[in-house]
Amino acid sequence: MANRELADIFSEIADLLEITGQDPFRVNSYRRAARSIDDLSDDVADLVAADRLKGIPGVGKGTAEKITQYVTSGQVDLHQELLGSVPEGLPALLAIPGMGPKKVQAVWKQLGVENVGDLKAAIESGRLAELSGFGAKTAEKLLAGIEFLGRSAGRTPLGVAWSVAEALAEALRAAAKVDRVEIAGSVRRGRETVGDVDLLCESTRGAEVVEAFTQLPLVKAVQAAGKTKGSVRVATPEGGELQVDLRVVSTESFGAAWQYFTGSKEHNVRLRELAVKKKWKLNEYGLFDGDTMLAGAKEVDIYRKLGLPFIEPELREDRGEFERAGELPKLLCLDDMRGDLHMHTTASDGRNTLEAMAAAAKGRGYAYIAICDHSHSSAIANGLSAERLEAQIEAIRAFNAKKRGIIVLAGTECDVLSDGRLDWPDELLVACDYVVASLHSAMGQDRKSVTRRTIQAMENPYVTVIGHPTGRLLGKREAMDLDIDAVIQAAVQTHTALEINASWQRLDLKDTHVRQAVEAGAMLAINTDAHSTEQLGMMQYGVQTARRGWATKASVLNAQTLAGLKKCIARKREG
DNA sequence: GCCGTTTTCGGCCCGACTGTTTTCAGTCG
């Protein structure tokens, strides 16, 4: 699919126009188009062929022409022109905290800086500090910004950010003696990776709280510290660095501020436009008609006053939540989850026993779990032999006979081999209560091959779920070149569920794929793939991903009762 | 460059913080 490449081209056009000092609104329209294209489930080439480009939000006559140009020739003239007029390494400067288009333009035109290395040299030689509009402090900040970029290695995975956010919120409650600290930003929206962490505190003692915040032990550097706002950098447990912003607001503005700092930016722009149309004003302090405050203490009141239902944080991406405000789904929530259908034990590469996993799952309130240790071919993960799997099934039957208050399904995570065959014969699969089939090898095969293997696995009547369907590892391994449309279609036809692997290193399926699957009527299973009792806690990331894909309880296998789950498994087995 | 039940032209969200200014531009979210 060429969508990603085209979205990157439009993003770069926006950067280049910005650096060359073009109209900011024109710049923004390219950014908007880039985002829309990245969100599309259809290939742009198909949309061009069907003359359906005009239906894409933010795509008008000019952008449509450029998309068509890209589809027919593989490039966009404007993009090529701009690339010819701006040094190749210049757009990267925009990623440095503190560098915006005006500063990039200044260092380029006045100092001949063409890339990050040049900028660093200009700072170290003292030339940058002499530039009009710059100074010693700016130079120092930019140097720190360049170093931060090197250490942060881009965006932080959701799971890492959550743990940092919760630790800081807890520490701040204690240090500043405040009752209410909430997580906002893309962490609250459950994005798979986040750029920074946003915290919101309810207090009338702003400066005091910000002061306490900047002095927390976790804080490595302070970026800004004002009366209502502070910004710091903290070290993550994974050895990276992460920026954390804190805002302090009063009780009557807390809802407006929480709404505002939860974003997304695109969602907020739409919301403010609605306010402007009513001649009102919306900011982080409230919704106002002149000097009269219409709403502010609670998020829901802001939405209600603007004629909308409460929109859940995970939906706030300007991906149709306004157009379809009247028909928003009742999203699945963590409490709906009745079990976890993919986890490992010491029998393969897990750290805890069957009994320990079951006890921990029961502690989370689950009615059932499925133990799915690796199959024979996953030698590196200590995959079970046929004899060991049979013995494990026996052990699970014995466990269930003791009535421990949780039902354990005897499962397996069966490898899909490089030729599409399953690692276990049907005689063994039928002995299991439940089967996850996953690709762990030959993931670099071409689109046709990996898609065929996946669909072939789904056609086996004993395969209940396809595990981590695209095989991606966030920031480490690209997804397989899977034809997701074909896989979703086959999932619907064969009554096979697709997994949302809840591990924050995977989140696979991802949100946009979930949305496609839900709309097509496919079933999902949200599983932690836990290799230890603690990892059962990753379920929340999977649920957030499902919510971002507009999933309801009805489309999730392990949100069903045990009887409901068994019915789904039986329906597939019986064809 | 997009967009439109007040508009096909003239808008396009709004405020905090910092540093370099001498009243504000730039950046950020």
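The model is predicted. Its largest nonpolar core has 119 residues. Helices H18 and H19 pack with their axes 10 Å apart. Strands S8, S9 and S10 form an open sheet.

**Nonpolar cores**
- Leaving aside neighbours within four places in sequence, Leu-524 touches Ala-497, Leu-498, Ile-500, Val-514, Ala-517, Ala-546, Ala-551, Ser-555, Val-556 and Leu-557.
- Another core lies apart from the largest one and has 37 residues. Among them are Ala-34, Ile-67, Val-76 and Ala-139.

**Helix pair H18 and H19**
- H18 spans residues 447–458, and H19 spans residues 484–494.
- Their packing angle is about 10°, so H18 is roughly parallel to H19.
- H18 supplies Thr-451, Thr-454, Ile-455 and Met-458 to the contact. From H19 come Ala-486, Val-487, Ala-490, Ala-491 and Thr-494.
- By class, six residues in this contact are nonpolar, three are polar and none is charged.

**Three-stranded sheet**
- The strand order is S8-S9-S10, and the pairing is antiparallel.
- S8 (281–283) and S10 (292–295) are the edge strands, each pairing on one side only.
- From one strand to the next, the twist averages 35°.
- S8 pairs with S9 (residues 286–289) over three bridges.
- Lys-281 has Phe-288 in S9 as its bridge partner.

Definitions and conventions
Residues numbered from 1 in each chain as written. Chains lettered and ligands numbered in written order. Predicted model: local features only at pLDDT ≥ 70, side-chain atom pairs only at ≥ 80, totals over all residues. Axes fitted to C-alpha atoms, helices over the stretch in contact; angles between N-to-C directions. Helix = DSSP H or I, 4+ residues; strand = E, 2+ residues; numbered from the N terminus. Parallel < 35°, antiparallel > 145°, perpendicular 65-115°, else oblique. Contact = placed C-beta atoms within 7 Å. Nonpolar A, V, L, I, M, F, W, Y, C, P; charged D, E, K, R; others polar. Pairing = 2+ DSSP bridges. Core = buried A, V, L, I, M, F, W, Y, C linked by C-beta atoms within 7 Å. Buried ≥ 20, exposed ≤ 12 C-beta atoms within 10 Å, placed from the backbone.
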